[in-house]
Amino acid sequence: MLQTDFEFTLPKGYLDADGNLHRKGVMRLSRAIDEIVPLRDPRVKSNPAYATVIILSRVITHLGALDEVTPAVVENFFACDLSYLQNFYRQINELEELGSGE
């Protein structure tokens, strides 16, 4: 059976407004629509790098005790966590060979 959900642990973690730290999460495999939808977003049209924020908010299904992972949550990730998640996304979606980003 194809594995579609992958657990991860953020290096630093997302610190919410209440001071709670969220580190453990689950990312699902990306579908074509996950990469198409951001192209319609006005934030991406004005800043193409914002597509990463939207894509990650779509494919991260769980993060700690959060109810949902929104673009606003992803915007507030620490830089090292964002980089970690971008690499993790590429690895699970086989956009790069496992272990090649080290």
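How many residues apart in helix α5 are Y84 and F88, and about how many helical turns separate them? I looked this up first. Y84 and F88 are four residues apart in helix α5, so about one helical turn separates them.

**Entry: ground rules**

I am working with a predicted model, in which local features need pLDDT of at least 70 and side-chain atom pairs count only at pLDDT 80 or more, while totals for chains, interfaces and linings use all residues. Residues are numbered from 1 along each chain as its sequence is written, and side-chain values use heavy atoms, with hydrogens and water left out.

**Entry: the sheet**

I took helices (H or I, at least four residues) and strands (E, at least two) as DSSP runs, numbered from the N terminus. I counted two strands as paired if DSSP finds at least two bridges between them.

I found an open sheet of three strands in the order β1-β2-β3, with antiparallel pairing. Strands β1 (5-15) and β3 (60-63) are at the edges and have a single partner strand each, so one side of each has no neighbour in the sheet. On average, neighbouring strands of this sheet are turned by 25° against each other, direction ignored.

I then followed β1 to β2 (residues 21-28): the two pair in the antiparallel sense over seven bridges. For T9, I noted K24 in β2 as the bridge partner.

**Entry: the helix across the sheet**

I saw that helix α5 (residues 79-92) lies across β1, β2 and β3 and runs at about 170° to β1. Axes here are lines fitted to C-alpha atoms, for helices over the stretch in contact (heavy atoms within 4.5 Å). Angles run from 0 to 180 degrees between N-to-C directions.

**Entry: aromatic rings**

I searched the whole structure and got three aromatic pairs. Rings of Phe, Tyr and Trp (its six-membered ring) pair if their centres lie within 6.5 Å; planes under 30 degrees apart are stacked, over 60 edge-to-face, and the rest tilted.

The ring centres of Y14 and F77 are 5.9 Å apart and the planes stand at 75°, so I logged this pair as edge-to-face. Y14 is in strand β1 and F77 in the loop between α4 (71-75) and α5, so the pair ties together parts 63 residues apart in sequence.

I checked burial next (buried is under 20% relative accessible area, exposed over 50%, partly exposed in between; 1.4 Å probe, protein chains only). Y14 is buried at 10%, and F77 is buried at 9%.

Back at Y84 and F88, I found a stacked pair, 6.0 Å centre to centre with 10° between the planes. Y84 is partly exposed at 27%, whereas F88 is buried at 12%. Ring pairs link F8, Y84 and F88 into a cluster.
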